[in-house]
Amino acid sequence: MRIFERAWLGLAVSLGLGMAQPLPVAATTGFIGDMVQSVGGERVRVAVVVPQGADPHSFEPRPSTLRGISGARVLFANGLGLEPFLSRIQPQLPEGARTVKLAEGMPGLIRSDDGEHGGYDPHLWLDPAYGVRYVERIRDVLSQLDPAGREAYRARARAYIGQIGQADARVRECLQSVPPSARKVVSQHEALLYFARSYGITLVGSIANFAGQEKGPQTFARLAQEMKKQGVKVVFAEPQFSPAEAQALAQATGAKVGRIYSDAFDAQVNTYLGLIRWNGRVVCESFK
């Protein structure tokens, strides 16, 4: 073979390797999509089902949503009933594609009376310890689908888990100056059980249930009375819901309205690490 022919062949091979297509994957929510991207890096192409600012409990898939996941090798979901639309989008996945429900099978699940969630609160990721477990599952699944990237996935997951640990440690450091008896909050919907358990916070109540459905005027009145009795200083609203009820409750009790993130991102907080940092800082500062 002539020299220029060998050079051309080598160039073609190197270009071919450089142009290898990333692994197509899908995630139901923004926080899961961010976790997958953080572990997968350039080796994955992530399609997120629920758009920014939308509530996964009430989201209805659109044709564009289904097109976005039609080539995915795996769909990462939370499970435990967080995504009622899940059974409607799974048939749009290619033959042989997997659905991985990251929350299911985890230890220490908290019981819920809401039948829509299979008997358990699905919001595990608000406790960073569960966030780490999600990342480990994502790492393992990506490694199975793309063995050539195993070491890259392991390295990225290890670094990412370290960042989650650092963010969690800062929240705990802030809370050290707040007596446990003063750590009381009211949430817009029942999403903070794992968060509260992890950080020693008392949930006095919520305006809406796990799916974001308001509990009614009688429950609202009882919650206002309990807030006054226990000296709750803050009601936490969430970006995917109207703040009107939270504002009315705060006005009725003399509390203030804070902003916290659970199911949905917005332009202000759009990464999982950002969620941990924001929630921890805002909650901690609300007690002081």
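Helices here are DSSP runs of H or I with at least four residues, numbered from the N terminus. With that in hand, here's a quick look at the salt bridges in this predicted model. The count comes to 7, and three of them are picked out below.

**Within helix H6**

- Arg 172 pairs up with Asp 168, and their closest N and O atoms sit 3.2 Å apart.
- Both residues belong to helix H6 and are 4 residues apart, so about one helical turn separates Arg 172 from Asp 168.
- Asp 168 counts as buried, because its relative accessibility of 15% falls under the 20% cut-off.
- Arg 172, on the other hand, is partly exposed at 34% relative accessible area.
- Helix H6 covers residues 150–175, and Glu 151 and Arg 154 are in it too, 3 residues apart, or about one helical turn.
- Glu 151 and Arg 154 also make a salt bridge, with 3.1 Å between the closest N and O atoms.
- Glu 151 is exposed at 53% relative accessibility, while Arg 154 is partly exposed at 40%.

**Between helix H4 and a loop**

- Arg 88 bridges to Glu 60, with the closest N and O atoms 2.9 Å apart.
- Arg 88 is in helix H4 (residues 86–89), whereas Glu 60 is in the loop running between strand S2 (44–48) and helix H3 (63–69).
- That placement means the pair ties together parts lying 28 residues apart in sequence.
- As for solvent, Arg 88 is partly exposed, with a relative accessible area of 41%.

Definitions and conventions
Residues numbered from 1 in each chain as written. Predicted model: local features only at pLDDT ≥ 70, side-chain atom pairs only at ≥ 80, totals over all residues. Heavy atoms only, no water. Salt bridge = Lys/Arg side-chain N within 4 Å of Asp/Glu carboxyl O. Helix = DSSP H or I, 4+ residues; strand = E, 2+ residues; numbered from the N terminus. Buried < 20%, exposed > 50% of the residue type's maximum accessible area, 1.4 Å probe, protein only.
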